[in-house]
Amino acid sequence: MKIFYCDDRFEDMMTCIYDAWCYALKEGHDNVRLTRQRDSQENMFDEYVYVTADKDKVVKVTRSIERDISRYAFMQVFYATLSNEEDALDAIYRYLIIGFKVGERVSQMLNDAAVMRMMEIKRKVGNEAHFFREFVRFSSIKLNSKNASNSYEEYYIAHIEPKCNIVNLLGNHFADRMPSENWCIVDDNRKYAVIHPKDEEYYFQYLTDREYDILHQSEEYEDEYTSLWKTFFNAIGIKERANYRCQRNMIPIWMRKHAVEFME
């Protein structure tokens, strides 16, 4: 068995699929496995191949999926690359094996285990992104303006710690709703941020340790809206009707770390 593994980035994963597929054309798809990290307990009969991103291969894979299967299939694959499931990359590979055989009909083949697994992974990523669209809490910070002296610009900074790499999906959501604001959403687990300058396109940035430490200080500040939100949250609650089990279902404890209403 030859095991292809790569870093947890979209470009690396697409390249990994390309290289594994080229090998499988000679040796068979059953003789390859894909993963985003090398096994801690290696099998002495397995051969491990580390793959790094190649732009040309990324283009070939993504173009082939959209052309030979469907745009919907590509979105399934994209969502799966954001998942934290250990088998996500191999699940994408097994899904594409079927997809390139039957074309766009693959999305309807829910009786196939590989197709159903992709649906499960995509649903989990989508659900988590939906949760965090509601749970993101921005802190307002005023910084010196670059365009004028003795003036300040307002910046909104939010921190999250999702299980899946959903900050890309959140960026598109908030860019549509806050187009004329300076804001930034930081994934503390991955030290990765989506940054939106005022009235411009948003972009993604891997943070250095220094950049992350500076942004992390934003949670130490409390603006007037933070206090108002905490007051509102406590005021609307009815003590006699408190149902903490239901509350944990609606907003799980692990999602509350950066929600200001739960911070002391």
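Glu85 is partly exposed, with a relative accessible area of 22% (buried means under 20%, exposed over 50%, partly exposed in between, with a 1.4 Å probe and protein chains only). This is a predicted model, in which local features need pLDDT of at least 70 and side-chain atom pairs count only at pLDDT 80 or more, while totals for chains, interfaces and linings use all residues. Residues are numbered from 1 along each chain as its sequence is written, and side-chain values use heavy atoms, without hydrogens and water.

**Salt bridges**

- There are 15 salt bridges (a side-chain nitrogen of Lys or Arg within 4 Å of a carboxyl oxygen of Asp or Glu).
- Glu85 pairs with Arg117, with the closest N and O atoms 3.1 Å apart.
- Glu85 sits in the loop between α3 (71-81) and α4 (88-102) and Arg117 in helix α5 (residues 113-135), 32 residues apart (helices are DSSP runs of H or I, at least four residues, and strands runs of E, at least two).
- Arg117 is partly exposed at 23% relative accessible area.
- Asp187 and Arg190 form a salt bridge at 2.8 Å between the closest N and O atoms.
- Asp187 is buried at 0% relative accessibility, whereas Arg190 is partly exposed at 25%.
- Shared partners join Glu85, Asp87, Arg117, Glu120 and Lys124 into one salt-bridge network.

**Surface charge**

- Glu181, Asp199, Glu200 and Glu201 gather in a surface patch of negative charge (residues with over 30% relative accessible area and no salt bridge, like charges joined within 9 Å).
- Glu200, in the loop between β7 (192-196) and β8 (203-206), is exposed at 51% relative accessible area.

Conventions
Patches are made of residues with over 30% relative accessible area and no salt bridge: like charges are joined within 9 Å, nonpolar side chains (Val, Leu, Ile, Met, Phe, Trp, Tyr) within 5 Å. Accessible areas come from the Shrake-Rupley method with a 1.4 Å probe; for residues, only the protein chains shown count as cover. Lys and Arg count as positive and Asp and Glu as negative; His and the chain ends are not counted. The place of a charge is taken as NZ of Lys, CZ of Arg, CG of Asp or CD of Glu.
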